[in-house]
Amino acid sequence: MTASTPTDAGSGFPINLALRDGTPVLIRPVRSDDKPLLEIGMERLSKESRYFRFFRPISTLTPKMLSQYTDIDHVHHEAICALDIGESPANPVGLARYIRMPEDGSRAEVAVTVVDSHQGRGLGTLLLAFLAHRASENGVVEFLAVVLGNNRRMLEVLKGLGSKTEFATAGELNVRMPLFCNPDDYPSTPAGDVFRQASETLRAHHS
């Protein structure tokens, strides 16, 4: 069922947990005062990671972009961030975002970014899992993503979640990922297992 009014906190958030290497992180929805955190996260991305996210060379986020990325309604536009609380001060290390398609509210564009120092720890899949839960709560049934063909790590994760991939333009792929209200419907893959574990974590925090 689609949520009828915006909310600034999804059910079950915020969440403290450890990544598979033991790194302690805080997972929560993005807030309007998170603009400085987004700037810090951008600084910690390599040129390759920035290109994977924006598909063009980019070094900083403009004031307009910062407002677009943080002044959100958490229903049609949702974003979930991760902070490494083992660092002092806690630093932003990952972000997952969806924006509902204006012509079809049951589908949404999705993007996931993890700073290079924290890649390979399962954080991207975890953020995508929490974001998918929020999207399902808000009536979204499918994620759409444009992924560079050489972004093999992201393509592998999406494949493990039952996504369908189509050729778009030179070097780019269109990916369609189904979302399920019942986490047991995701494939029996490492990524699917993360989605089920994330759902259990949210239920435990919400109860």
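Trainee: Before I start, what should I know about the model?
Mentor: This is a predicted model, in which local features need pLDDT of at least 70 and side-chain atom pairs count only at pLDDT 80 or more, while totals for chains, interfaces and linings use all residues. Residues are numbered from 1 along each chain as its sequence is written, and side-chain values use heavy atoms, with hydrogens and water left out.

Trainee: How many salt bridges does the count come to?
Mentor: The count comes to 10 salt bridges, a salt bridge being a side-chain nitrogen of Lys or Arg within 4 Å of a carboxyl oxygen of Asp or Glu.

Trainee: Which residue forms one with Arg28?
Mentor: Arg28 forms a salt bridge with Asp34, and their closest N and O atoms are 2.8 Å apart. Arg28 is buried because its relative accessible area is 7%, and Asp34 counts as buried at 3% relative accessibility. Here buried means under 20% relative accessible area, exposed means over 50%, and partly exposed lies in between, with a 1.4 Å probe and protein chains only.

Trainee: And what does the side chain of Arg134 meet in a salt bridge?
Mentor: The side chain of Arg134 meets that of Glu78, at 2.8 Å from N to O. This pair links distant parts of the chain, with Arg134 in helix H4 and Glu78 in strand E3 (residues 77-84), 56 residues apart. Helices (H or I, at least four residues) and strands (E, at least two) are DSSP runs, numbered from the N terminus.

Trainee: Are those two buried or exposed, and which residues are linked in a network with them?
Mentor: Both Arg134 and Glu78 are buried, and a network of salt bridges links Glu78, Arg134 and Glu137.

Trainee: What about Asp84, where is its place?
Mentor: Asp84 is in strand E3. Asp84 is buried yet has no salt bridge, and the nearest side chain of opposite charge, Arg121, is 4.9 Å away. For charge, Lys and Arg count as positive and Asp and Glu as negative, while His and the chain ends are not counted.

Trainee: Which side chain does a polar contact join to Asp84?
Mentor: A polar contact of 2.7 Å joins the side chains of Asp84 and His118. Such a contact is a pair of N or O atoms within 3.5 Å; within protein, one must be able to donate a hydrogen and the other to accept it, and residues adjacent in sequence count only if both atoms are side-chain atoms.

Trainee: Changing topic, what volume does the largest cavity have?
Mentor: The largest cavity has a volume of about 310 Å³. On a 1 Å grid over the protein atoms alone, a cavity is a set of points where a 1.4 Å probe fits but cannot get out, a pocket is an open set with protein on both sides within 12 Å along at least five of seven lines, and lining residues have an atom within 4 Å of a point. Grid points are joined across faces, edges and corners, and a volume is the space filled by probe spheres set on the points.

Trainee: Which residues are closest to its centre?
Mentor: Of the 22 residues that line the largest cavity, Leu38, Gly41, Met42, Leu95 and Thr113 are the closest to its centre. Strand E4 (91-101) is among the elements that supply at least two lining residues, and the largest share, five residues, comes from E4.

Trainee: And how much space lies in the second largest pocket?
Mentor: About 210 Å³ of space lies in the second largest pocket. Its lining has 16 residues, and those closest to its centre are His133, Phe180, Cys181, Pro183 and Ser199. Helix H4 (123-137) and helix H6 (190-206) each give two or more residues to this lining, and H6 gives the most, with six residues.
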